Amino acid sequence: MQALKGMALLLLCQSAGEVLARVAHLPLPGPVLGLLLLWLLLNWPAVRPSVASAAEPLLSHLSLLFVPVGVGVIVHAGLIAQYGVRMLAAVLLSTWLALAVAALVLRACLPRSPAGTDEAAR
Amino acid sequence: MLDFVELWVYLSATPLFGLTATLVTYVCAHTVYERLGHAPWANPVLWTVLLLAALLELSGTPYPSYFSGAQFIHFLLGPAVVAMAWPLWQRRHELRARWPALLLAALAGGATAAGSAWLLGHLLGLPDEVLASLVPKSVTAPVAMGIAAELGGIPALAAVFAVLTGLAGAVSAKYLFDALRIHDPELRGFALGTAAHGIGAARAMQVHPAAGAYAALALGLQVLLAAPLMPLARDLFGHLF
């Protein structure tokens, strides 16, 4: 029941987010506004157990949710055949650059920890 | 034999087929992934997608009839984005204490992902609507689709790029981090969530709990930053090109 309540809350937040995005012409997608609304709701302790029991299983199997879209690659087979190698090169190189930049910038900005805890562990 | 063909034609046209095939293939791929000790190349999303694409191709099942079942799984992406409020909220004290560093790293990583993808695609001569679909590729798929539509791209193609990016990050990040001597799980997780959204975050969660938490945080930050900032960046810099 907790998980169902939580799921109902998630859907309510998403629906409210979709309505808000359309009515107020906000540049944020509905689910993102839903995230912000849920954050506000979490200040109310009564909702926390049900949100946790819906959010945790959903997020722990997040990668499964990308499968239907991933299979959709075959729909774009024509476009991919035409630009495939170039699109793949752009995707791969930019992903590696972003991984390196995000990790290195965070390391540079966090002088003590987590680098500090790492040294303490040695 | 004819009965079997008729049965297949019936089954492959019902939503039951897409849903069952997706779940069964994913469960099998995930079991193999666990048996292999979470080897990056054995990524369950990668193998599930390849196996299902081969199955559809060999059986001649059109993608829309597969999707009529798989859409029930696809639909959960929206609530999953909303659900990211939970790990973010749980880490609110950390977020408050470290927000300048986290925000700067999220902005730098996100800008690198979008900017380098745009620049590389532009140099390689990709058409405008493909470029606009490429830019939000490091943001989780449902949000990337919305941003791509806003930028004049093709939402379905943006989702495909997002999945490819997630897979590229999840499969190769370990080797890149080892080469750059980035060993802290927090840094690895944060980078995975920033550059490779949900698929990268799922990988981080399987490897280390702290990496998973930072990945979820980074993923949430990308969603919050990219949705308003990418159209803004287009308005600011778009006229230069």
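This note comments on a predicted model of chains A and B.

1. Residues are numbered from 1 along each chain as its sequence is written, and chains are lettered from A in the order in which they are written. Local features need pLDDT of at least 70 and side-chain atom pairs pLDDT 80 or more, whereas totals for chains, interfaces and linings use all residues.

2. At the interface, 63 residues of chain A are in contact with 90 residues of chain B (C-beta atoms, placed from the backbone, within 7 Å). Helix α10 (residues 155–180) of chain B supplies the largest share of its side, 15 residues; helices are DSSP runs of H or I, at least four residues, numbered from the N terminus. That side of chain B comprises 67 nonpolar, 17 polar and six charged residues (nonpolar: Ala, Val, Leu, Ile, Met, Phe, Trp, Tyr, Cys and Pro; charged: Asp, Glu, Lys and Arg; polar: the others, Gly among them).

3. The axes of α9 (residues 141–151) and α12 (residues 209–237) of chain B come within 10 Å and cross at roughly 10 degrees (axes are lines fitted to C-alpha atoms over the stretch in contact, with angles from 0 to 180 degrees between N-to-C directions). The two helices are therefore roughly parallel, a class for angles under 35 degrees. Their contact involves eight nonpolar, no polar and two charged residues.

4. B:Arg181 is in the loop between α10 and α11 of chain B and counts as exposed, with 6 C-beta neighbours inside 10 Å (exposed: 12 or fewer; buried: 20 or more; partly exposed: in between). B:His197 lies in helix α11 of chain B and is buried, with 33 other C-beta atoms within 10 Å.

Methods
Two residues are in contact if their C-beta atoms, placed from the backbone, lie within 7 Å. Angles under 35 degrees count as roughly parallel, over 145 as roughly antiparallel, 65 to 115 as roughly perpendicular and the rest as oblique.
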